[in-house]
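Subject: Structure handover

Hello,

Here is the structure for you to look through. My notes on it follow below.

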Amino acid sequence: MIDAGITPVGLAEREISRLFADRGGREGAGTWAREVLAAAELDPRRKPLRSVRALRRAERRLSPIGARYLVEVAAGRTPSRSTRSSQILM
């Protein structure tokens, strides 16, 4: 059964907290994402798809939703916690 209370943002936050626990959780993951994108000379605001690809290449365990969440964070945007259709999937 699908839990209606779980949003893509919630799933991404849970994944990132688990994957980056040794780097400070979500805060450390945001810093890591900005560093990876800077090294790849990518602007997450202008090239979100390439940014997702770069993050997933750097950390193979990262899901597309988790990578998209980190791109939003790196771009300085706050991912929406809405239960309606989320922008994070678009």
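Leaving out residues up to four places away in sequence, Ile16 touches Ala21, Arg26, Ala29, Leu62, Gly66, Tyr69 and Leu70. Please keep in mind that this is a predicted model.

Ile16 also belongs to the largest nonpolar core, which has 20 residues. Those that touch the most other members are Ile16, Phe20, Trp32, Leu55, Leu62 and Leu70. Two or more residues of this core come from each of α1 (8-19), α2 (25-39), α3 (48-58) and α4 (64-74). As background, nonpolar side chains in soluble globular proteins tend to be buried together.

On the overall layout, the protein chain contains four helices and zero strands, and its pattern along the sequence is α-α-α-α. The chain has 90 residues, and 42% of them are buried. Its accessible surface is about 5900 Å², with 50% of that belonging to carbon and sulfur atoms.

How do α2 and α3 meet? Their axes come within 10 Å and cross at roughly 110°. Crossing angles of 65 to 115 degrees count as roughly perpendicular, and α2 and α3 are therefore roughly perpendicular to each other. The contact of α2 with α3 has seven nonpolar residues, one polar residue and no charged residues. On the α2 side the residues are Trp32, Ala33, Val36 and Leu37, and they meet Ser51, Ala54, Leu55 and Ala58 in α3. Two of these names, Trp32 and Leu55, were already listed among the core residues that touch the most other members.

The remaining notes concern α4. This helix is mostly covered, with eight of its 11 residues buried. Which residues of α4 are buried? They are Gly66, Ala67, Arg68, Tyr69, Leu70, Val71, Glu72 and Ala74. The list includes Arg68 and Glu72 as well as Leu70 and Val71. The cover over the buried residues of α4 includes α1, α2 and α3. Gly66, Tyr69 and Leu70, from that buried set, are also among the residues that Ile16 touches. After α4 comes Gly76, which has a positive phi near 85°.

Regards

Methods. Residues are numbered from 1 along each chain as its sequence is written. This is a predicted model: local features need pLDDT of at least 70, side-chain atom pairs count only at pLDDT 80 or more; totals for chains, interfaces and linings use all residues. Side-chain values use heavy atoms; hydrogens and water are left out. A nonpolar core is a set of buried Ala, Val, Leu, Ile, Met, Phe, Trp, Tyr and Cys residues joined through side-chain atoms within 4.5 Å. Buried means under 20% relative accessible area, exposed over 50%, partly exposed in between (1.4 Å probe, protein chains only). Contact means heavy atoms within 4.5 Å. Accessible areas come from the Shrake-Rupley method with a 1.4 Å probe; for residues, only the protein chains shown count as cover. Axes are lines fitted to C-alpha atoms, for helices over the stretch in contact, and angles run from 0 to 180 degrees between N-to-C directions. Angles under 35 degrees count as roughly parallel, over 145 as roughly antiparallel, 65 to 115 as roughly perpendicular and the rest as oblique. Ala, Val, Leu, Ile, Met, Phe, Trp, Tyr, Cys and Pro count as nonpolar, Asp, Glu, Lys and Arg as charged, and the others, Gly among them, as polar.
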